[in-house]
Amino acid sequence: AMDVNIQEKVKKYHPKLESILGRLAEKYSQNKVGMQNFAQQRGISYEDDQVRVILVSSPGEDASVIDKVALISCGAVIEAVYGNLMRVRVPISRLEEIADKVKGISYIRLPYRPLSDMGGERSRLNVLNFLKGSANTLPQISSGVISEGVELSGASDYHSSGYKGQNTKVAVIDVGFENLSYSKNHGELPKKIIYKDFATIKPKNEFVHGTGVAEIVYDMAPQTLLYLCRVGDEIDLGYAKDWCIQENVDIINHSWLWPNTGFADGEGLVCDIANDARAHNILWVNAVGNLARHHYQDVFTDSNGNGWHEFSPISGDENNTFHHGGGELHIYLTWDCWPTTDEDYDLYLYDSSSNLLDYSNTRQSGTQPPTEQIVLDDLPAGDYYIKVKKYSASKDHQIKIICWSYTPLSLIHI
């Protein structure tokens with residue numbers, strides 16, 4: 001078993017690089033096959049030895065301050081710009097060079113990824129299963145199915161009085177609209193739908209989630225004009241919001257979560273996008289999630305002074321244990337020092353035999369967000385535990401952990 005003090009030997013990487021990118025570049029320099037395995041295990045997409053990243057401009061500046069000439073000379077391909085963010089594909093071998101030499105960059109990270117708590121998505125459930133929990137298959141649907149929520153919510157009374165969403169535009173911003181044509185052809189959705197795909201980053205599997213949400217909106221307000229927007233990352237989300245403003249959309253539904261983009265206090269990148277929509281008279285309706293037992297929050301506590309957070313002040317337990325059912329696992333850590341900080345905490349994941357499986361240890365030196373994350377694409381079923389280390393901090397801050405999986409999961413300490 002690995003000594004839990006292994007963090008003393010864990011390397012900190014370039015301060016402008018998210019630690020996972022520093023590790024990726026190091027793996028590439030050592031062994032290309034090793035880099036490929038490392039990336040695949042962590043769900044990092046790459047192509048032709050390039051990885052897609054987000055460049056964050058210097059504090060208080062928009063992305064126009066980033067030296068595009070120098071960036072392109074390093075082999076980068078610019079894909080999109082939104083506010084202070086620039087999405088680019090860069091050679092893995094030149095990540096540190098770009099961090100060092102390209103002016104105007106304060107931080108380089110992977111794109112944010114939205115999460116849903118709909119575990120059935122990974123099994124590619126069809127729309128009827130998504131809405132009804134039925135074992136029926138799509139070919140068995142011959143006509144539209146009205147959601148139970150229409151009657152339970154009292155919407156049917158409004159329908160009877162003539163209120164059916166007429167003269168209203170509703171947008172569903174989602175990551176996938178699989179089976180959309182089938183739903184339109186079988187009465188689950190109207191024939192007239194306005195669809196726009198903003199997603200550069202395509203999911204590994206198609207999702208029916210957006211189609212199911214759109215069906216519910218249509219059942220509740222059958223004369224609404226539907227706008228469906230597909231997104232893959234935070235820049236896509238910003239573009240979709242801007243398009244909705246241009247199209248004079250009245251309501252946006254976005255049933256996804258964006259961990260580590262703020263401290264859940266109404267501020268941060270994704271909240272700014274939603275707030276801008278609201279400032280343009282759009283009602284933004286967002287899912288809040290069903291992740292209570294996947295979530296932990298408390299003040300960092302270290303009564304014995306060894307640097308590890310104590311999840312239980314009574315027992316002094318420094319491990320937050322959980323059982324993982326197997327497959328994809330995401331662990332997110334953030335602390336209340338937004339938007340950037342030099343207060344530095346690190347995140348570690350161990351198996352039940354105290355073997356260190358993965359870690360996230362970005363060097364927070366003042367221009368980096370207060371976040372760490374571990375993403376493993378195919379972790380075997382078993383018992384695991386999370387640890388949080390204070391690397392360098394002047395005080396104890398509120399920390400927040402979200403542990404997410406497609407299989408049932410519950411943290412011991414919540």
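1. Start with the loop between strand E13 (327-335) and strand E14 (344-351), where Pro339 sits. Trp338 and Pro339 are joined by a cis peptide bond, with omega at about 5 degrees. Helices (H or I, at least four residues) and strands (E, at least two) are DSSP runs here, numbered from the N terminus.

2. A word on the ground rules. This is a predicted model, in which local features need pLDDT of at least 70 and side-chain atom pairs count only at pLDDT 80 or more, while totals for chains, interfaces and linings use all residues. Residues are numbered from 1 along each chain as its sequence is written, and side-chain values use heavy atoms, with hydrogens and water left out.

3. Two asparagines deserve a look. Asn167 has a positive phi of about 60 degrees although it is not a glycine, and its place is in the loop between helix H7 (155-160) and strand E6 (169-174). Asn260 also has a positive phi, near 65 degrees, and belongs to the loop between strand E9 (251-254) and helix H11 (269-279). Buried or exposed? Asn167 is exposed, with a relative accessible area of 79%, whereas Asn260 counts as buried at 6%. (Buried means under 20% relative accessible area, exposed over 50%, and partly exposed in between, using a 1.4 Å probe and protein chains only.)

4. Now the inside. The largest nonpolar core has 29 residues, and those touching the most other members are Leu24, Val51, Val53, Leu55, Leu71, Leu95 and Ile108. Such a core is a set of buried Ala, Val, Leu, Ile, Met, Phe, Trp, Tyr and Cys residues joined through side-chain atoms within 4.5 Å. Elements giving two or more residues to this core include H1, strand E2 (50-57), helix H3 (68-73) and E5. H1 gives the most, with four residues. Apart from this core lies another, of 28 residues, with Ile54, Cys229, Val249 and Ile273 among them.

5. Strand E5 is mostly covered, with five of its five residues buried. E2 and E5 pair in the antiparallel sense over four bridges; strands pair if DSSP finds at least two bridges between them. Ser57 stands opposite Ile105 in E5.

6. How many cavities of 30 Å³ or more does a search of the whole structure find? There are three. A cavity is a set of points, on a 1 Å grid over the protein atoms alone, where a 1.4 Å probe fits but cannot get out, and lining residues have an atom within 4 Å of a point. Grid points are joined across faces, edges and corners, and a volume is the space filled by probe spheres set on the points.

7. The largest cavity has a volume of about 140 Å³. Of its 13 lining residues, Glu18, Leu110, Pro111, Tyr112 and Gln373 are the closest to its centre. Strand E5 (105-109) and strand E16 (371-379) each supply at least two residues of that lining.

8. The second largest cavity holds about 110 Å³ of space. Its lining has 14 residues, and Ile20, Arg42, Gln373, Ile374 and Val375 lie nearest the centre. Helix H1 (19-30), strand E15 (356-360) and E16 each give two or more residues to this lining.

Methods:
On a 1 Å grid over the protein atoms alone, a cavity is a set of points where a 1.4 Å probe fits but cannot get out, and a pocket is an open set with protein on both sides within 12 Å along at least five of seven lines; lining residues have an atom within 4 Å of a point.
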